[in-house]
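Welcome, and please take a moment to look over the sequence and the model.

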Amino acid sequence: MGTLSSSTHPAAEGTAGPGLPDDFVFGVATAGFQVEGGFNGPGEPANNWLPWEQVGRVEPSGNAVSFWEHPEESLDRAAALGCSSFRLGVEWARVFPEDGRADAGALASYVAIVRGCLDRGMEPLVTLHHFTHPAWLGDDFWLRPDAPDRYRAWVEVAVEALAPWVRWWVTINEINVLTTCSWLLGMFPPGRFLAFEDAAIATDHLLTAHVRGYEVIHRARPDAVVTTNNSCVSAYAYDRMLTDVLLVRSAGVERSRVDSWLADRAREHDVLLPPSGVIEWAVRRLGAATAPYRRRGGAPGTGGGADRGGLFHRRAPVPRRAVDAVYDSPHECTLDVLGVDWYDPTVSRHFRLPGHHTAGGRSPHPSRELWDDVPDPAALTRWLDVQRDLAPGLPLWVVENGLCNRVRRGHSLPRLDGWDRPRYLRENLGAMMAAVDAGVPVAGYWHWSLVDNYEWGSYEPRFGLYGVDRHRGERGMRWLETDALGDDSAGVYRDIIAGLRAGDRGVLGAG
């Protein structure tokens with residue numbers, strides 16, 4: 001990560017260290033829409049991706065990996081790896097295919113799945129919103145003033161059914177990715193481009209919804225552990241600011257000082273993670289100018305005023321309901337653990353000229369493809385250390401971490417940089433162990449993902465420990481015993497889990 005990178009830490013080379021706490025969690029991560037299948041077809045539950053599938057803007061999700069019909073296959077494989085947790089999504093659209101009508105059978109199936117996790121010795125980590133919502137709520141649902149309360153009503157139904165068996169929860173997955181891809185980059189429905197005000201409103205509503213969901217979960221289960229996981233992004237306004245809004249009250253900041261405190265936090269963030277290059281600086285400047293919670297014009301906390309840097313001027317105040325929700329909550333802190341999703345946070349590395357070389361040819365896009373993300377394990381150690389400094393006292397979960405390669409028309413393509421998943425697993429888990437050695441309270445790691453799945457419009461990106469052949473099998477697909485690159489990544493992860501639990505750092509060495 002530019003200035004984040006450093007030389008490889010000894011823990012990544014298999015040397016001795018203090019080891020993991022006995023209750024450290026190893027898991028795998030999945031998401032409902034991406035693995036379940038059975039959405040957006042005739043007679044099936046419809047989510048907000050339905051119109052894009054219907055017009056051919058994205059590849060239909062189809063049966064995904066048939067998790068909904070055959071969850072035991074995934075659960076058995078995860079348990080065989082030695083996982084102590086399994087992350088899954090509970091899909092709003094499946095439980096509420098129509099407004100006001102809950103599908104009791106769908107809820108019962110989710111209960112059976114989480115109980116199946118427990119039966120196999122895996123704590124379920126349940127995500128209540130992973131980028132999708134019922135189609136009947138409309139494309140711009142998160143811009144509606146009633147969105148946080150509609151979400152709360154959904155959470156009340158899901159939690160009532162699942163709370164007896166579920167203690168760990170993700171309220172909303174990657175708020176920063178959802179808003180950026182939906183209203184700034186046009187990659188998710190409704191497909192808006194550079195709609196900064198809409199993105200700010202959606203961010204505010206999503207954070208408010210998290211607080212509402214947190215309250216519902218803790219009312220039903222006081223011992224719950226609840227988080228929302230951002231995708232790590234080096235620009236403060238597109239990642240860390242959202243977390244700081246949730247932490248501001250517990251930091252002892254008066255409501256009238258929220259904006260100035262966030263401005264101080266942004267400066268501290270940029271000192272700890274300094275921008276590398278002009279593009280990185282410009283993106284951070286843009287984020288500061290368009291963020292809903294920090295303004296250099298207008299009275300602090302009012303939501304009005306223009307950015308004195310002159311990049312943008314708001315036509316109307318953006319709501320700041322999340323700040324009110326945080327201060328009005330019966331809970332001083334509405335985040336029990338700091339969840340992070342680690343891929344490649346350095347924003348400037350994601351910009352590329354159209355026509356750049358990629359796996360399988362050239363890309364027409366002005367951004368880097370997922371299978372070209374730059375692995376930087378040493379930067380993960382640094383990032384976790386910085387997060388500890390910015391949120392002392394909170395345990396850390398690495399909720400997602402994984403490597404992508406491309407499968408095109410049934411042909412698996414190697415990465416241009418030569419990385420494979422076994423190396424990625426060893427070096428990233430070595431980097432995590434280096435952070436643990438340095439005293440960072442990392443308490444869990446979930447690999448993304450157990451199996452190749454639907455990656456938001458396409459089956460070309462592959463992240464699975466297990467690959468999938470989508471052209472053979474009685475269900476139109478079959479599991480492979482290797483990953484998409486032909487490597488035994490599942491076996492490598494299994495050996496790492498067993499080795500680290502036994503205190504053997506040698507499992508992090510070269511295979």
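Predicted model: local features only at pLDDT ≥ 70, side-chain atom pairs only at ≥ 80, totals over all residues.

## Finding your way around

Helices here are DSSP runs of H or I with at least four residues, numbered from the N terminus.

Helix 8 covers residues 196-220, and His210 is part of it. Is His210 buried or exposed? With a relative accessible area of 0%, His210 is buried. Setting aside neighbours within four places in sequence, His210 touches Thr171, Ile172, Val226, Thr227, Thr228, Leu246, Thr334 and Leu335.

Beyond the neighbours within four places in sequence, His218 is in contact with Ala224, Val226, His331 and Asp336. To get a sense of distance, look from His218 to Trp448: 230 residues separate them in sequence, and their C-alpha atoms are 27 Å apart in space.

## Helix 8 meets helix 9

Two packed helices are described by the angle between their axes and the distance between the axes. For helix 8 and helix 9, the axes come within 11 Å and cross at roughly 45°. Helix 8 is therefore oblique to helix 9, and their crossing is right-handed.

Which residues of the two helices meet? On the helix 8 side they are Thr203, Leu207, His210 and Val211, and on the helix 9 side Leu242, Val245 and Leu246. Sorted by class, this contact has five nonpolar residues, two polar ones and no charged ones.

## Helix 10 and its two partners

Helix 9 (residues 240-247) also packs with helix 10: their axes come within 11 Å and cross at roughly 135°. That angle makes helix 9 oblique to helix 10, in a crossing that is right-handed. Arg240, Asp244 and Val245 of helix 9 make the contact with Trp261, Leu262, Arg265 and His269 of helix 10. By class, these residues are three nonpolar, one polar and three charged.

Now turn to helix 13 (residues 377-390), which packs with helix 10 (residues 258-272) at an angle of about 150°, the axes being 11 Å apart. The two helices are therefore roughly antiparallel to each other, and helix 10 passes helix 13 in a right-handed crossing. From helix 10, the contact draws on Arg265, Glu268, His269 and Leu272, and from helix 13 on Arg382, Val386 and Leu390. Here the residues divide into three nonpolar, one polar and three charged.

In the loop between helix 10 and helix 11 (278-290) you will find Leu273. Its relative accessibility is 2%, so Leu273 counts as buried. Although Leu273 and Arg382 are 109 residues apart in sequence, their C-alpha atoms are 9.0 Å apart in space.

## Cysteines without partners

A disulfide is a covalent bond between the sulfur atoms of two cysteines. How many disulfides does the structure hold? The number is zero. Take Cys83: the closest cysteine sulfur, in Cys117, is 10 Å from its own, which is too far for a bond. Cys83 is buried, with a relative accessible area of 5%.

Cys333 is in no disulfide either, and the nearest cysteine sulfur, that of Cys232, lies 18 Å away. Cys333 is partly exposed, at a relative accessible area of 21%.

## Backbone details to look for

Most residues other than glycine have a negative phi, and most peptide bonds are trans. Some spots here are worth checking against that. The peptide bond from Pro189 to Pro190 is cis, with omega near 10°, and Pro190 lies in the loop between helix 7 (175-183) and helix 8. The bond from Trp448 to Ser449 is cis too, with omega near 0°; Ser449 belongs to the loop between strand 12 (442-448) and strand 13 (461-462).

Where is Trp456 found? Trp456 is in the loop between strand 12 and strand 13. Its phi is positive, near 55°, and at 13% relative accessibility Trp456 counts as buried. Phe131 also has a positive phi, near 75°, and is located in the loop between strand 3 (123-127) and helix 6 (147-162). Phe131 counts as buried, with 4% relative accessibility.

Terms used
Residues numbered from 1 in each chain as written. Heavy atoms only, no water. Axes fitted to C-alpha atoms, helices over the stretch in contact; angles between N-to-C directions. Parallel < 35°, antiparallel > 145°, perpendicular 65-115°, else oblique. Left-handed = near helix turned anticlockwise from the far one by under 90°. Contact = heavy atoms within 4.5 Å. Nonpolar A, V, L, I, M, F, W, Y, C, P; charged D, E, K, R; others polar. Disulfide = S-S within 2.5 Å. Buried < 20%, exposed > 50% of the residue type's maximum accessible area, 1.4 Å probe, protein only.
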